[in-house]
Amino acid sequence: MTYSRGAIVSLLIHTLLGAANVYQQSAMNVLQEFIMPFANQSFYDHYGVALTANGYSWLWSSLQSVQSVGIMISVFLFAPLMDNFGRRNTVMIFSSGIMLAGLIFQILAKSSNSFEMFGSGQFLCGVSQGSYRVLYQYFAESLPSEQRGRATLLYSFAMIVWTKLGIILAFPFFFGSEEQWPLYFAPGVLPCVLYVISAYFVPESPKYLYLHKKKVKEANEAIRYYYGKDADVASVLLNYDGEIFDESDKNKSTISLSTLLTNPIYRYALEVCLIANVGVHIQCSGALLMYSNGIMLQLGLSANEALTILLGSVIYVAAVSMFTAMIGVNRFGRVTLMNASNIMVAAAALLLGLQFALKSVVVMSHSMTFYFALTWGFFLLTSAGISAHSICILLIGEISPTIAAGKIVQLCTIASNGTSLLVNFTFPPLLEAFGSSLLFMYAGLAVACTILFRVGVPETKGKSVVEVIESKFRKTEPVFV
Ligand SMILES: *[C@@H]1O[C@H](CO)[C@@H](O)[C@H](O)[C@H]1NC(C)=O
């Protein structure tokens, strides 16, 4: 498979600069011991109220969660923007502009003695983080079908690496101190500015240009950029034309919710995307990853052992994720990868459940506890490395007619965020109440999802949107190849 120069350059720009926004995601986690005293003091200076322990913990949890609120709000902001102003402008200009403002707010918050400013910065960066779904749509629409999967997963890999890099930057040696912590946000500024500037050099999604904006000449140039100089532009455009399943939608930039729900083709795309994006969050892998440290301690491992497993896991997840991006995604189909991830989660939940159950009837030796944790950890992390959630977002771009994509991205984001929030939020109390039964139930759910994916989700690897839709509705050979 050969890649055009444009495809490689744009991917590098997105992975290096776009991913820069994720490392500061963990700021409240890793710098909490410096940020909180500042916030508490600035609260006192502004409102004259000395916070009690209770008030202090409210302030803490508010600052901790304001970023998630931003991510949720971004759903309503980016869908209209991407349909009216384009995929590129939304990700590279609007979203990055918001992030830049957020970074500057966070850098200046301490010297302005304003925790409100810090909170606003966290919120804005949260909004900006939500835009990676638009970026995946942009990849799916711009790149030749055999390159989309790898590009998306490489980006996903870069995000994993950048997030972990944040932990290193929080060491006292760099920015982890009372004086230095505001500078933790500074390394993000330059990539952010460069990213906005580079929007000028990277073309918009050709499919968007052609179908939404009717800019044929620009679409031609964009296709040559992404597909290579000697691309068969006519056949690519012919394929785009095939996506106008309904002539009455031809001159619109987006469709209404009722059209989405009543037109059988749009509705089919929506259903498939919902199955995938909800199914991938309905099992407990997110919750297990989130609470794994606490669970290991609860099982009787020492803090050092838990930390060792955690550190090793970072390297292992990155390696699996790299392997999936470079080899796995082109060798196996989307559904196969999603199901492999599901089976891994089921195995992890089953083993952990078994460990909980055994622990209550026999005395487990310490080394046995350790090896048990290592085994379910292995399955859990393999599943995390496969990045099934990224594959499910990519799937939206591979199956949605471009006119419906904005709305479908929006609905899927709401549904998948809602599901994962519910699962993660209820996990600790439910585990407390039901113990191993809860884990066995989640293992069963993961297996059920595997069947659901096999039946309900078509394979999209290497196919165009038209081909996927046609194989469902006309039961004939694809017309355009
Ligand atoms: C928060 O600030 C107030 C006012 O300076 C102080 O009395 C209180 O001890 C602080 N709380 C904590 C947990 O540091």
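Residues are numbered from 1 along each chain as its sequence is written. Because the model is predicted, local features need pLDDT of at least 70 and side-chain atom pairs count only at pLDDT 80 or more, while totals for chains, interfaces and linings use all residues, and side-chain values use heavy atoms, with hydrogens and water left out.

**Exercise 1. Describe the overall build of the protein chain.**

Begin with the secondary structure, which comes to 22 helices and zero strands; helices (H or I, at least four residues) and strands (E, at least two) are DSSP runs, numbered from the N terminus. Next take the extent: along its principal axes the C-alpha trace spans about 65 × 55 × 40 Å. For 481 residues, a compact globule would have a radius of gyration near 23 Å, and the chain agrees with its 23 Å; this radius is taken over C-alpha atoms, and the globule rule is 2.2 Å times the number of residues to the power 0.38. Then consider burial, which covers 53% of the 481 residues, where buried means under 20% relative accessible area, exposed over 50% and partly exposed in between (1.4 Å probe, protein chains only). Finally, of the contacts with a separation of 6 or more, 80% come from residues 24 or more positions apart, a contact being heavy atoms within 4.5 Å.

**Exercise 2. Work out how Glu398 is paired with Arg148 and with Arg334.**

A salt bridge is a side-chain nitrogen of Lys or Arg within 4 Å of a carboxyl oxygen of Asp or Glu, and the structure holds seven of them. In the pair of Arg148 and Glu398, the closest N and O atoms are 2.9 Å apart. This pair links distant parts of the chain, with Arg148 in helix H8 (residues 145-169) and Glu398 in helix H19 (residues 388-399), 250 residues apart. Arg148 is buried at a relative accessible area of 4%, and Glu398 is buried at 0%. Glu398 also meets Arg334 in a salt bridge, at 2.7 Å from N to O. Here Arg334 lies in helix H17 (residues 334-361), 64 residues from Glu398, and Arg334 is buried at 2% relative accessibility.

**Exercise 3. Locate the salt bridge of Arg267 and state whether its partners are buried or partly exposed.**

Arg267 pairs with Glu271, the closest N and O atoms being 3.6 Å apart. Both lie in helix H14 (residues 264-282), four residues apart, about one turn of the helix. Arg267 is partly exposed at 36% relative accessibility, as is Glu271 at 41%.
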